Amino acid sequence: MTIGFSFRAARSTCLLCVAGLLTLMPAAAAARTGRPDPGPPGGARAAVQPALLYRSGTQVRPRAGAPGIPVVSALSWVVADAGSGDVLAAHDAHRKLPPASTLKTLFALTVLPVLPGGIRHEVSGDELNGIGPGSSLVGVVEGGTYRVSDLWNGVFLNSGNDAVHVLASLTGGWSATAARMQAEARALGAHDTQVRSPDGYDAPGQVSSAYDLAVFGRAGLRNPDFARYCARIDAMFPGRNGEAYGIRNTNRLLTGEGGVEPYPGLVGIKNGYTSNAGNTLVAAARRDGRTLVVTVMNPQEGGGHAVYEEARSLLDWGFEAAGRVDPVGSLVSGNVRPRQGPEAVPAAVAHARPSRHGPGWPETGAIVGVGGLGAGAMALVLRFRLVRVKGG
């Protein structure tokens, strides 16, 4: 059975996409160049001034009785409220730095919505070409058949660049995926990020910022699939000859491995490391109905565990400072499109949900329309092999 579009329908879809892009371009250009002027000091809501986050150094606006900012060696960091988007404090929030695998948060935001988890795909050798030397891998092999949900476990838990390469091949290829990630970042109001390699592997010109990564983390918590994967501690991954093996999340603040105490209430999100980027981390935790998102980029002291301990101290400060500081900015930008519903509930994210499609998927030749920039201004026609499955 084959599901597809006629050439005429595909051409019409592309024309509609181009029209949508032309409609959105002026607004996006205005958002890139606009810089709100600082307003008068005073009330918390009136005092949210994104311009403060473009200043160098630490930005915080304490009220009486507010706790002091902890000592943090990271080159850049942000503490924000995931619900309101208020930035409670930051240091060089818009400093452009290599993000390492924390860029996979943007990859997931871009690709997760368009690939049903129950799809099974047989991996070709071409899909594994171009993986950077020394990359973290989950163990995807040529000729192996994997569910898309297996590959996402490989991305979120093992930071597998091999899994990213396969997923990117299913959504138009490496360059097309990078372009769509770039468009997604702009649609979210993240203007520091330049995508060159969708897996976060060091590449010339590839940068992000603590601010942008916090934006991605906050958006991810509003996607139930993203929230479920990033909170998962372990999973089984398909191996050779049908024998699965266990994989475990490399985010030590979540798992408590390697001498790092797990953080109470942590709900993800993603850690990363390259020799160029150093250690990077986007972390989110919930306490008393409040969720904070913290980004830490490249601590300069304390070794490999410093990224976790500095995130811990910033989370502790953020929860203690609740109601005792005025925001210094916001993760919410004027050009941000509405996201999918409220923040996902952490208690639910550890439980897998059945596939939206269930039994009866076509065995060959499915074509899927994909949303990209804004609320669907871009579309991508995908064609890949499907195998009948029972669930996601």
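These legends accompany close-up views of a predicted model.

**Figure 1. Overview of the predicted fold.** The protein contains 10 helices and 14 strands. Of its 392 residues, 55% count as buried. The accessible surface comes to about 16,400 Å². Carbon and sulfur atoms supply 55% of that surface. Take the contacts between residues at least 6 apart in sequence: 68% of them join residues at least 24 apart.

Figure 2. Arginine 290 and aspartate 81 pair through their side chains, at 3.3 Å from N to O. Arginine 290 belongs to strand S10 (residues 290-299) and aspartate 81 to strand S2 (residues 74-81), so the bridge ties together parts that lie 209 residues apart in sequence. The two partners differ in cover. Aspartate 81 is buried, at 9% relative accessibility. Arginine 290 is partly exposed, with a relative accessible area of 24%. The structure holds eight salt bridges.

**Figure 3. Asparagine 298, also in strand S10.** This view stays with strand S10, where asparagine 298 is placed. Asparagine 298 has 17% relative accessibility and counts as buried, because the cut-off for that class is under 20%. Its side chain reaches the backbone oxygen of alanine 277 at 3.3 Å.

Figure 4. Arginine 228 and aspartate 225 form a salt bridge, with the closest N and O atoms 2.9 Å apart. Both residues lie in helix H7 (residues 224-231). They are three residues apart, about one turn of the helix. An α-helix has 3.6 residues a turn, so residues three or four places apart point the same way. Arginine 228 counts as buried, at 8% relative accessibility.

Figure 5. Helix H3 spans residues 148-156. Nine of its nine residues are buried. Among them are Val148, Leu151, Trp152, Val155 and Phe156. The buried set also includes Ser149, Asp150, Asn153 and Gly154. Aspartate 150 has a relative accessible area of 7%. It forms a salt bridge with arginine 147, the closest N and O atoms being 3.8 Å apart. Arginine 147 is partly exposed, with a relative accessible area of 24%.

**Figure 6. A salt-bridge network of three residues.** Asp234, Arg248 and Glu257 are linked in a network of salt bridges. Side chains of opposite charge can pair when their charged atoms come close.

**Figure 7. The largest nonpolar core and a second one.** The largest nonpolar core has 66 residues. Val140, Trp152, Phe156 and Phe216 touch the most other members. Helix H6 (residues 210-221) gives the most to this core, with eight residues. A second, separate core has 26 residues. Its members include Tyr263, Ala285, Val296 and Ala321.

**Figure 8. Surroundings of valine 140.** Residues up to four places away in sequence are not counted here.

**Figure 9. Threonine 177 in helix H5.** Threonine 177 sits in helix H5 (residues 174-187). It is buried, at 0% relative accessibility. Not counting residues up to four places away in sequence, threonine 177 touches Phe107, Val111, Ala168, Thr171 and Pro198.

**Figure 10. Two aspartates with positive phi.** Most residues other than glycine have a negative phi. Aspartate 92 has a positive phi, near 45°. It is found in the loop between strand S3 (86-91) and helix H2 (104-111). Aspartate 92 is buried, with a relative accessible area of 15%. Aspartate 288 also has a positive phi, of about 50°. Its place is the loop between strand S9 (278-287) and S10. Aspartate 288 is exposed, at 78% relative accessibility.

Terms used. Residues are numbered from 1 along each chain as its sequence is written. This is a predicted model: local features need pLDDT of at least 70, side-chain atom pairs count only at pLDDT 80 or more; totals for chains, interfaces and linings use all residues. Side-chain values use heavy atoms; hydrogens and water are left out. A salt bridge is a side-chain nitrogen of Lys or Arg within 4 Å of a carboxyl oxygen of Asp or Glu. Helices (H or I, at least four residues) and strands (E, at least two) are DSSP runs, numbered from the N terminus. Buried means under 20% relative accessible area, exposed over 50%, partly exposed in between (1.4 Å probe, protein chains only). Contact means heavy atoms within 4.5 Å. Accessible areas come from the Shrake-Rupley method with a 1.4 Å probe; for residues, only the protein chains shown count as cover. A polar contact is a pair of N or O atoms within 3.5 Å; within protein, one must be able to donate a hydrogen and the other to accept it, and residues adjacent in sequence count only if both atoms are side-chain atoms. A nonpolar core is a set of buried Ala, Val, Leu, Ile, Met, Phe, Trp, Tyr and Cys residues joined through side-chain atoms within 4.5 Å.
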